[in-house]
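Morning, everyone. Please have a look at the model on the screen, and then I'll walk you through two parts of it.

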Amino acid sequence: MPPDNSVTTTIRLFFRFARGSGGLVLRGPRTYWLWLAFLAVLIVSGAAAYADQVRTGLVVSAMRDQVSWGFYIGNFTFLVGVAAAAVVLVIPAYIYDWKPIREMVIYGELLAISAILMCLMFVLVDIGRPDRFWHLIPPWGRLNFPQSILAWDVLVLNLYFLVNFVVATHILYRAFHGRPYVKRLVVPLVLLSIPMAVAIHTVTAFLYNGLAARPYWNSSILAPQFLASAFCSGPAILLIVLQVLRRFTRFEIQDQAIWKIAELMAYAMFLNLFLHGAEAFKEFYSDTEHLLFTRYWYSGLGEHRTLVPYAWSAVGLNVIAFALFIVPAARRHWVTLNIGCLATYAGVYIEKGMGLIIPGLTPDALGEIYEYYPTLTELRVAAGVFAVGFLVFTVMLKVAVPISLGEFTETENPPRGALPALEADRNVHAVAFTRGSSAQRMQDAARLN
Amino acid sequence: MDAEKNAPKLTRRTFSSCAAAAAAGWLLTACGPRRLHEFPKERLRKSIAELERQYSERHGAKVTVSTASAQPGVEFAYALDLSRCIGCRRCVYACVKENNQSRNPQLHWIKVLSMEKEKGVDLAHADPYYQPAQVPEEGHFYVPVSCQQCRNAPCTKVCPTGATWTERDGIVVIDYDWCIGCRYCMAACPYGARHFNWTEPSVPEGELNTSTHYLGNRPRPKGVVEKCTFCIQRVRAGRYPACVEVCPVGARKFGNLLDKDSEIRYIIEHKRVFVLKKDLNTVPRFFYFYAT
């Protein structure tokens, strides 16, 4: 191929890629469209609620001077964990070179990208002056680095986003071209993303950990406990996503890989419960004035008992999840496996969202008890943010799965030297692939091979 | 090899010059002033004039915005005599008026806590909403709390944009035009001294204190944090803070820590003073004492 042509070729390829992706995204079974419609409803409702919040101010939330952070920041914290854990699956895949998990790394990375996106949106909806977010971005703004841990968090989250974005797009782009990814680029970045995943969650834990004003957070067990709970919740989402993919696409994943991840989750959940127990022991046995916050979470203070049912649901769900994942027969049974995933997700969501932020601020710095409970506006905005994240994740999967299965590729170098006329045919065919019946899928697979 | 030499390519020199130019450009723009107090004099004067025009227009009265900076040799400190305080909350409302705090919703920079004499200074049993027919109540004493103007301030350290800092005279201030409203400082403050404008603050027509300071009591927008500044607009003009002036029992003392003959120095040297939450090492410039 003459080199002077390469730019136009690239542009042409890009347009073909964009058109093909568009085709993939715009075609799908009825359940796909129902799912998108559901997300769209949540997004519209969230946007309306957010518009009201911007107009009136954060007074439409239940947050006040006493409890100055609430549901938004709780969700942010939880999602940082999801983002971190999605990529930690990379560790067994690359260090032990265990192929069954390696296939899902790309999906872990896409999940991380969506989760970070949601994190950034949750911060944006929480701040009082979203119009001034650029004050954080040098050179226009001024980032108080290295003093402010929030500045560190802004940096590591964006860097982590970038690393995952580069790796995921590179792997997919090369697969689209039918070429293997560049090892010299991907392996160092993937290896970098492992400490980065630990870093984003550690830094997020330090956000709270560093505040001596809030004894509930000012405990050095916080960062390890964050990591342990993240290694439960991230894979829990991924396991469900992988099963959905296996059900609806030609994507294959060995049962063994799923079971292995469930086993790892059992260990992480054990560690999580253990660290919670260690913290509870220290608080209750030493019985200092700092016990107030832990008591507010587990037993309430006087008539202030709003969070108590949540606290014990979280404990119950986490224990159930641990029991289901540690028993081999239970984690190999699809019903109990999925119950375990949902229990993990819900348990960690409660303890890391409401359970971390609210008791940290109740009672407040001067001992006042203000019982926070999110308003409808906060719930709607949060649902909207989740919907945007899931929409992005869905759309990315819709394109990424066919690419990584070799169903959606540029056809400049087709495997068997097909003629240009056939190329177009094959391309369209590939787009329609995911909708085919299983019998047709077998045929197609046979033909492609 | 030949093909490689002839092809138009990115040489190391081009690359490094581009990179250097980009870095220089970044540095140049990054060094520019962003917060009001970093502005050069001329630009600050223009911005302040614009603020004065806006405020005057909005509130229908001539508003002045002072830019008085810290005096050399001055470090302000405060002392509060707990044995005198009767819990009348006159300081709270004098502060609201002086510093243009929102009336609806109400925002108070000073919070007075009612405590039981039996329990001593114990925040877990403090009541900020005491409402008896008459103060002081039998068996109670009162602890007014506002910004402690810490030397080792946790709030300024955590601010991601550097919108809050300690001035040379020891006053912790906020640039309301630079604050993004993330409320990290509120989580970091051990004294509940920082307050957020959860909605548009409102000061009724004609009640605005038109004598303001750009780091203090000028009108605030919604979505930013505010706090006590020791009445920066007064103390930098040689006056006492409003709460000191209004206190009917003389429980509030204020002065220059660096002046050996000041009342504040006398109190610190002769009375047994203490600070709130000493174990957090915030080193407040706000002292409490029992004179009698």
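Chain B has 9 helices and 12 strands. Helices (H or I, at least four residues) and strands (E, at least two) are DSSP runs, numbered from the N terminus. A word on the source: this is a predicted model, where local features need pLDDT of at least 70, side-chain atom pairs count only at pLDDT 80 or more, and totals for chains, interfaces and linings use all residues. Residues are numbered from 1 along each chain as its sequence is written, while chains are lettered from A and ligands numbered from 1 in the order in which they are written.

Stay with chain B. Its C-alpha atoms fill a box of roughly 100 × 50 × 40 Å, taken along the principal axes. Of its 292 residues, 41% count as buried (20 or more other C-beta atoms within 10 Å of a residue's own, with C-beta atoms placed from the backbone).

Now chain A. How do helix 3 and helix 15 of chain A cross? The axes of helix 3 (residues 71-88) and helix 15 (residues 354-361) come within 8 Å and cross at roughly 135°. Axes are lines fitted to C-alpha atoms, for helices over the stretch in contact, and angles run from 0 to 180 degrees between N-to-C directions. That makes helix 3 of chain A oblique to helix 15 of chain A. Angles under 35 degrees count as roughly parallel, over 145 as roughly antiparallel, 65 to 115 as roughly perpendicular, and the rest as oblique.

Who meets whom? A:Ile73, A:Gly74 and A:Thr77 in helix 3 meet A:Met354, A:Leu356 and A:Ile357 in helix 15 (C-beta atoms, placed from the backbone, within 7 Å).

Technical notes: Two residues are in contact if their C-beta atoms, placed from the backbone, lie within 7 Å. A residue is buried if 20 or more other C-beta atoms lie within 10 Å of its own, exposed if 12 or fewer, and partly exposed in between; C-beta atoms are placed from the backbone.
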